[in-house]
Amino acid sequence: MNSHIGLIAQYSMRFAMRTGGGIIFILVLLTVGFSIASLFISPVESILDKSGIPHADAYKLISSSKEVKSAVSWITGADEAQSNYLITEKPGLLSAILLFLLMFIPYTTCLGAFNQTAGDIGSRGFRYLLLRTERRNIFFGRFVGAVSFTVISSVFTMAVVALYLQFKVGIYSGADIWMWSLQGLVAILALSLPYAALCAWFSAILDSAFGALAICLLVTGFTVLLITLFQSVGTLSLNMQPGDLSWLQRLTPWGWKYELLSGKLQIRSMAYLAMAGFTGLFLWLGLRSFEKRDL
Amino acid sequence: MSEIAVRITNLSKKFNRTVALDNVSLDIPANTLYGMLGPNGAGKTTLFGVAAGFLKATSGEIEVHGINVKNISALRGRMSMLPQDASFQSGIPVIEQLTLFARLNGFDAPAAAKAAAEALDLVGLPDVAKKNARALSHGMLKRVALCQAFIGHAEVIFLDEPTAGLDPDNARRIRDLVKAYKKDRTIIFSSHNLQEVQQICDHVCILHKGRVMECGTMDELTSASFLLRVTLDRPLGLAAEGELTAHPLVAGVVREDDLSFQMKLNLQNSSQKTDAMKMLYDVLGRHGLFPRSVNEGASLEARFLEITGGKFDGGSSS
């Protein structure tokens, strides 16, 4: 019944656009994306303009500075080789934008994917569908519909940023920008999938759209906070080394996000596999809940 | 032996500690209009919910034409339902939602749009196609909900209280539609309105507290218990009462108040009703009593109330 999944996805997207929910989500994602891009591009443009030397030369000076590389290492926990990869081997400005986008993607994904099924479970809006198709088709159709919005928004955001960098900032070659944008886009989508799947799971358990949103955001944010807390307690109170509890981060998709942009194929592949694994796990849990419960 | 359209076997459904259906077993013959009766909480909607797949049975199963209802794919297009409390997507034109349902039934896009439009025509609502569900009245929504059950050519249709909350005109339209469609289909019709069920159904099942209390053809249930409610100009004397009670067509006489009484009849077939009425008038006439009104207490209602322990009150159940 793949055609049913496609049909349900298509109609759920259409209905979401009609009722405004889909449009709002796209606008939110675009706002977040462009705000982050602007956060980096505007100061760099300003510095480049004031430098009085060709932009490309000025940019090389900035990107080769220790401070910039230290900042990247601090944010991502990456070693020097990875910092070099992100700042000098790849378009560094785009790397900075991508790193920050990856931080926000879990939350923006929740905003778009929280109500895959919860609202309709509560309002008994699935009953006409249940007479005509399997529950799994409804579950996966809604998931695909939710992910599709993320794809559309992300593609548009990255395209606009890449175009701006290529034609307005003018410090990278077009090929470099578009290749790295494409890789970055794939990383963003890979990170959004497990969070969309997490939302699918909670949405299947709950009867309330608002409840699903609250739980999705809480779990997404609280897990990160909790792990950070454990790490702090371990480092400060238990005399552990900062890296001793880093494995805790690996228990969530959050802990793998920067590896999605790694220069090493093996590390990158592990990160993508982890995303696939988390996605599969959450979808399985969600489908199990959806198939067993009364609707 | 007639074909069985719906077979319910040892079906139970519990909601936490509440037993909504208690080991229900039932065979619904094909090509019948089958009435499902019961007071509030009897389990009718729960049974329909399990058949439709909204609810998971605690135990037991339901088969439609030999196919377990859990196998939605195999039953696609062969079974449909008007659920009691499903909702349409608000803010979306009705025709688009009906088109989606038709496409899930197996129609391609153009045929689905056509089937959806025809379904709206069927219930007399072609003008609401482009309206949102939110903009429709309760009666219109009910008719749109009904029309989705008639998209395609389902062999078995469950209608859960299709006339509930409707004005008499809309209720009559729906009954007429159901009667028109009962040929070559099995329609299972649940209702609180006993007169309505008696009027259009040829089989009936009475549920009470999650159990099947009685089921059979309408004739079997109604001829077993036929009731007359009589109001006189003067009290019924003992002699007249004795004469009525002694008659072979009379099962019993129960006084309601000084001037009214119920006369329960024992009829082998509905044609004896005329004989019973004639006898009543003869006896009353001989004793100088004049009937102010003689109401045929809905005999199905009497049987229903007898089974469920309700109180007869002017033709309505409580």
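The paragraphs below take up the interface and then the sheet.

This is a predicted model, in which local features need pLDDT of at least 70 and side-chain atom pairs count only at pLDDT 80 or more, while totals for chains, interfaces and linings use all residues. Residues are numbered from 1 along each chain as its sequence is written, and chains are lettered from A and ligands numbered from 1 in the order in which they are written.

Where the chains meet, 21 residues of chain A are in contact with 23 residues of chain B (contact requires C-beta atoms, placed from the backbone, to lie within 7 Å). On the side of chain A that touches chain B, α1 (2–19) and α8 (127–130) of chain A each supply at least two residues (helices, H or I, of at least four residues and strands, E, of at least two are DSSP runs, numbered from the N terminus). The largest share of that side, six residues, comes from α1(A).

Within chain B, six strands form an open sheet of mixed pairing, in the order β6-β7-β8-β3-β9-β10, where two strands pair if DSSP finds at least two bridges between them. Because β6 (79–82) and β10 (211–217) of chain B each have a single partner strand, they stand at the edges, and one side of each is left without a neighbour in the sheet. Strands β3 (residues 33–37) and β8 (residues 186–191) of chain B run parallel and are joined by five bridges; B:Gly35 has B:Phe189 in β8(B) as its bridge partner.

Helix α1 (residues 44–52) of chain B packs on this sheet, touching β3, β6, β7 (156–160), β8 and β9 (203–208) of chain B. The direction of this helix makes about 145 degrees with that of β7(B), with axes fitted as lines to C-alpha atoms, for helices over the stretch in contact, and angles running from 0 to 180 degrees between N-to-C directions.

Note on methods:
Two residues are in contact if their C-beta atoms, placed from the backbone, lie within 7 Å.
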